[in-house]
Amino acid sequence: MCLECRALGALLAAGAADGVAVTLASVRALDFSPTVLEIEDKRLRDGAAEAYLAETLAALGEHFGVELVPVTVDSDGSCLPHAVSRCLVGKEVLFDVLRAALSRELRENRASYRPVLQQSMSDATFEEYWQGVCDEAAPTRGERTKRWLGPEHVLAL
């Protein structure tokens, strides 16, 4: 992830933590589009994933007329929000804003996830487990925390 993305992501997340509403709509006017150099940078392409998915990518192109290219994202515990941010705005800059929204979603809608996740846990055990899930989703403020996101986070995001 570029230094610009790490710094801007931390600033956007800090604003969200301070009660400043940072949403996709509020940052839409900012241009996070990748530059031509970034697009042409072959290091952004995940060659191993491209080879592994070659048949699938070709079928998607043939049947739907789309050309998809697997890209690399940092493996620092935030790969899910990095990838979603890349899909939304072309850069990883929104990763911490997405983490903040994810954390808020998990805390505010805990009851919605209980029937789907960990049904066999006692209420006390589930509360402890869910607190950990919410804590793992919290923004990193640009730090490499190694707080990995899991299936619960995929479901919520």
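Mentor: Buried means under 20% relative accessible area, exposed over 50%, and partly exposed in between (1.4 Å probe, protein chains only). Helices (H or I, at least four residues) and strands (E, at least two) are DSSP runs, numbered from the N terminus. This is a predicted model, in which local features need pLDDT of at least 70 and side-chain atom pairs count only at pLDDT 80 or more, while totals for chains, interfaces and linings use all residues. Residues are numbered from 1 along each chain as its sequence is written, and side-chain values use heavy atoms, with hydrogens and water left out.

Trainee: How many helices and strands does the protein chain have?

Mentor: The protein chain has 10 helices and 0 strands. Of its 157 residues, 32% are buried.

Trainee: Which residues of α6 are buried?

Mentor: In α6 (79-89), the buried residues are P81, H82, S85 and R86. They lie on the same side of α6, because their arc around the axis is only 140 degrees (taken from the directions from the helix axis to the C-beta atoms). Their cover includes α7, where cover rests on contact, meaning heavy atoms within 4.5 Å. After α6 comes G90, with a positive phi near 90 degrees.

Trainee: How is a nonpolar core read?

Mentor: In soluble globular proteins, nonpolar side chains tend to be buried together. A nonpolar core is a set of buried Ala, Val, Leu, Ile, Met, Phe, Trp, Tyr and Cys residues joined through side-chain atoms within 4.5 Å. Here the largest such core has 13 residues, and L102, L106, Y113, Y129 and W130 have the most contacts inside it. At least two core residues come from each of α7 (95-108) and α9, with α9 giving the largest share, 6 residues. Leaving out residues up to four places away in sequence, L102 touches A137, L149, H153, A156 and L157.

Trainee: Is R114 buried or exposed?

Mentor: R114 is buried, because its relative accessible area is 18%. R114 sits in the loop between α8 (110-113) and α9 (123-137). Beyond its neighbours within four places in sequence, R114 contacts Q119, M121, S122, D123 and F126.

Trainee: Which residues form a nonpolar patch on the surface?

Mentor: F64, V66 and L68 form one, with about 300 Å² of accessible area together. V66 lies in the loop between α5 (54-64) and α6, and V66 counts as partly exposed because its relative accessibility is 35%. Accessible areas come from the Shrake-Rupley method with a 1.4 Å probe, and for residues only the protein chains shown count as cover.

Conventions
Patches are made of residues with over 30% relative accessible area and no salt bridge: like charges are joined within 9 Å, nonpolar side chains (Val, Leu, Ile, Met, Phe, Trp, Tyr) within 5 Å. A salt bridge is a side-chain nitrogen of Lys or Arg within 4 Å of a carboxyl oxygen of Asp or Glu.
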